[in-house]
Amino acid sequence: MKNTYNFMCKQCEINHRASIMLNDDLWATISVKEEGLCLLCIEQRLNRRITMKDLSPAPINQTARIILERLEKLNPKTEETIDPFNTLVEK
Ligand SMILES: [Zn+2]
């Protein structure tokens, strides 16, 4: 049985292993509800890095929240766009 989660980003059309959910208000500013975007494409549309306060309380964000919290404590002012989950998989 395949026990992995993959989804195709609607913008870059690459399969990713993980995704995040933004707060509804923020998501509505960059996308339509049915559209799925990867972390990097979300940040591209926002034109900035995602922060903890951007994430919805959905369980899917649990890992992202832990990682972002630690990254923000380590370097709260960095402008570098990163993929903390290394979500990119082969096309
Ligand atoms: Zn993408």
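Predicted model: local features only at pLDDT ≥ 70, side-chain atom pairs only at ≥ 80, totals over all residues.

Residues are numbered from 1 along each chain as its sequence is written.

**Overall layout**

- The protein has three helices and two strands; helices (H or I, at least four residues) and strands (E, at least two) are DSSP runs, numbered from the N terminus.
- Starting at the N terminus, the order of the elements is β-β-α-α-α.
- The protein has 91 residues, and 14% of them count as buried. A residue is buried if 20 or more other C-beta atoms lie within 10 Å of its own, exposed if 12 or fewer, and partly exposed in between, with C-beta atoms placed from the backbone.
- Among contacts with a separation of 6 or more, 57% join residues 24 or more positions apart; two residues are in contact if their C-beta atoms, placed from the backbone, lie within 7 Å.

**Helix α2**

- In helix α2 (residues 39-46), the buried residues are Leu 39, Cys 41 and Ile 42.
- These residues lie on the same side of α2 because they cover an arc of only 165° around the axis; the arc is that of the directions from the helix axis to the C-beta atoms.
- The cover over the buried residues of α2 includes α1 (24-30).

**The nonpolar core**

- The largest nonpolar core has 11 residues in all, among them Cys 9, Ile 20, Leu 22, Ile 50 and Leu 68. Such a core is a set of buried Ala, Val, Leu, Ile, Met, Phe, Trp, Tyr and Cys residues joined through C-beta atoms within 7 Å.
- In soluble globular proteins, nonpolar side chains tend to be buried together.

**Two residues with positive phi**

- Most residues other than glycine have a negative phi.
- Glu 13 is not a glycine, yet its phi is positive, about 55°. Glu 13 sits in the loop between β1 (7-8) and β2 (15-16), and it counts as exposed because it has 10 C-beta neighbours inside 10 Å.
- Asn 47, which follows α2, has a positive phi near 65°. Asn 47 belongs to the loop between α2 and α3, and it is exposed, with 8 other C-beta atoms within 10 Å.
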